Amino acid sequence: MSVFAELLSDWQAQHGRHDLPWQNTRDPYRIWLSETMLQQTQVATVIQYYLRFLEQFPNIDALAEAPLDAVLERWAGLGYYARARNLHRCAQVIVAEHEGSFPMGAQAIAQLPGIGRSTAAAIAVFAFGQREAILDGNVRRVLARCFGIEGFPGTTKTQKELWQLAETLLPAKRIEAYTQGLMDLGSQLCTRSKPFCAACPMHELCVARQQGRQAELPVAKPRKPLPERETTVLILTDGQRVLLERRPPAGIWGGLLALPEGSVAEAREFARRYDCRLLSMRAMTGLRHTFTHFRLNIQVLLCSVEPKGHLVAEAGWQWLGHDEIRTAALPTPIRKLLAKMAAGPG
């Protein structure tokens, strides 16, 4: 076990990443932000979002005081928007209940909204130098391959086994290098497909390499066909603006601006409600968007309207011009549809 930790720490010191924007700091806010953004998102994508987010919300107080709409706008395009909502809520809790400072301990950090066990441990390691085990997706893959762990990591039994192994492997010193090494090894060499085994410091120890089972471990989740859902969205536009609605906080696209959903008859009602005359309506090419648990087939009705008077906004509804749309907090598929609309017939 100590050989594993020593090899990994030495490899990280020589070959790991040392110049990422969130490294070389003990600021738990910056570490927490990076760990949250890196969940299900690659490093190269996160860097630009991380830097822009910090420009607007440089500390916990700034994030806690900001309206959720502003946070979602800065997050737009990064996906998995529950992360942004949890960041905002957690910052408010830290300010209200912890005087604006992170509690010093993985268990206490894990009690905060939206922070799981592994993220809490990473914050404790990098911000406070504490000896804690992490177990994100990259680490599960490294441990499952290196030690030949059978079973799908999402099951309670296998996850418990992996946590026990992760805790057993913890070194007595160099905890930061060891923890970063796990992350770097999983993302740089021990990748999901085509791992670079020849360059891996665990080349001689790895059970999966010895048995030629790199493609089998970790065991994949049993696949079920994703259910299909259908919806029709309405693009009501007067040529300069588009009508958008604020989604409820919970559910898909929670808190974001999106296009209203409805039928041909409901399009006429929307136009009437906003004191507009419906001039024309035509179907646009839709798109399919895949979520974690289902696929959404989106049909589109492009509705041209003429304002008869002043377009009065209601709570939850907004008319946005094309320039405003570019910076608004919109789900990726809605942004794609509006870009397609702006590009012309299709």
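1. In this predicted model, Leu 68 is partly exposed, with a relative accessible area of 28%, and its place is in helix 5, which runs over residues 68-75. When neighbours within four places in sequence are left aside, Leu 68 is in contact with Arg 85 and His 88. Between Leu 68 and Ala 265 the C-alpha to C-alpha separation is 33 Å, and the two are 197 residues apart in sequence.

2. Elsewhere in helix 5, the residues Ala 70, Val 71, Leu 72 and Trp 75 are buried, and what covers the buried residues of this helix includes helix 2, helix 3 (43-56), helix 4 (60-65) and helix 6 (82-98). Helix 5 is followed by Gly 77, whose phi is positive, near 100°, a backbone value that a colleague may wish to look at in the model.

3. Helix 2 can be taken up through Thr 36, which lies in that helix (residues 28-37). Is Thr 36 buried or exposed? Thr 36 has a relative accessible area of 7%, and because buried means under 20%, Thr 36 counts as buried. Not counting residues up to four places away in sequence, Thr 36 touches Trp 75, Arg 83 and Leu 87; of these, Trp 75 is listed among the buried residues of helix 5.

4. Helix 1, residues 2-15, has 14 residues and reaches 20 Å from its first C-alpha to its last, which is close to the 20 Å expected at 1.5 Å a residue. Its buried residues are Phe 4, Ala 5, Leu 8, Ser 9, Trp 11 and Gln 12. They cover an arc of only 165° around the axis, and therefore they sit on the same side of helix 1. As background, an α-helix has 3.6 residues a turn, so residues three or four places apart point the same way. The face of helix 1 turned away from the buried side carries the exposed residues Ser 2 and Gln 14, while the cover over the buried residues includes helix 9 (137-147) and helix 11 (175-189).

5. Met 202 belongs to the loop between helix 11 and helix 12 (207-211), and at 2% relative accessibility Met 202 counts as buried. Leaving aside neighbours within four places in sequence, Met 202 is in contact with Phe 4, Leu 7, Leu 8, Cys 146 and Leu 185, and among these Phe 4 and Leu 8 are buried residues of helix 1. Met 202 and Val 142 are 60 residues apart in sequence, yet their C-alpha atoms are 9.6 Å apart in space.

6. How many cavities of 30 Å³ or more does a search of the whole structure find? The search finds two, and the largest cavity has a volume of about 120 Å³. Of the 14 residues that line the largest cavity, the closest to its centre are Arg 145, Cys 190, Cys 197, Cys 200 and Cys 206. Helix 9 and helix 11 each supply at least two residues of this lining, and the largest share, three residues, comes from helix 9.

7. The lining of the second largest cavity divides into 10 nonpolar residues, one polar and one charged.

8. Turning to open space, the second largest pocket holds about 470 Å³. Of the 20 residues that line this pocket, the closest to its centre are Gly 79, Tyr 80, Tyr 81, His 289 and Phe 291. The elements that give two or more residues to the lining are helix 6, strand 4 (276-290) and helix 15 (332-343), and helix 6 is also one of the elements that cover the buried residues of helix 5.

Key. Residues numbered from 1 in each chain as written. Predicted model: local features only at pLDDT ≥ 70, side-chain atom pairs only at ≥ 80, totals over all residues. Heavy atoms only, no water. Helix = DSSP H or I, 4+ residues; strand = E, 2+ residues; numbered from the N terminus. Expected span 1.5 Å × (residues − 1). Buried < 20%, exposed > 50% of the residue type's maximum accessible area, 1.4 Å probe, protein only. Arc of directions from axis to C-beta. Contact = heavy atoms within 4.5 Å. 1 Å grid on protein atoms, 1.4 Å probe; cavity = no way out; pocket = protein on both sides within 12 Å on 5 of 7 lines; lining within 4 Å. Points joined across faces, edges and corners; volume = space filled by probe spheres on them. Nonpolar A, V, L, I, M, F, W, Y, C, P; charged D, E, K, R; others polar.
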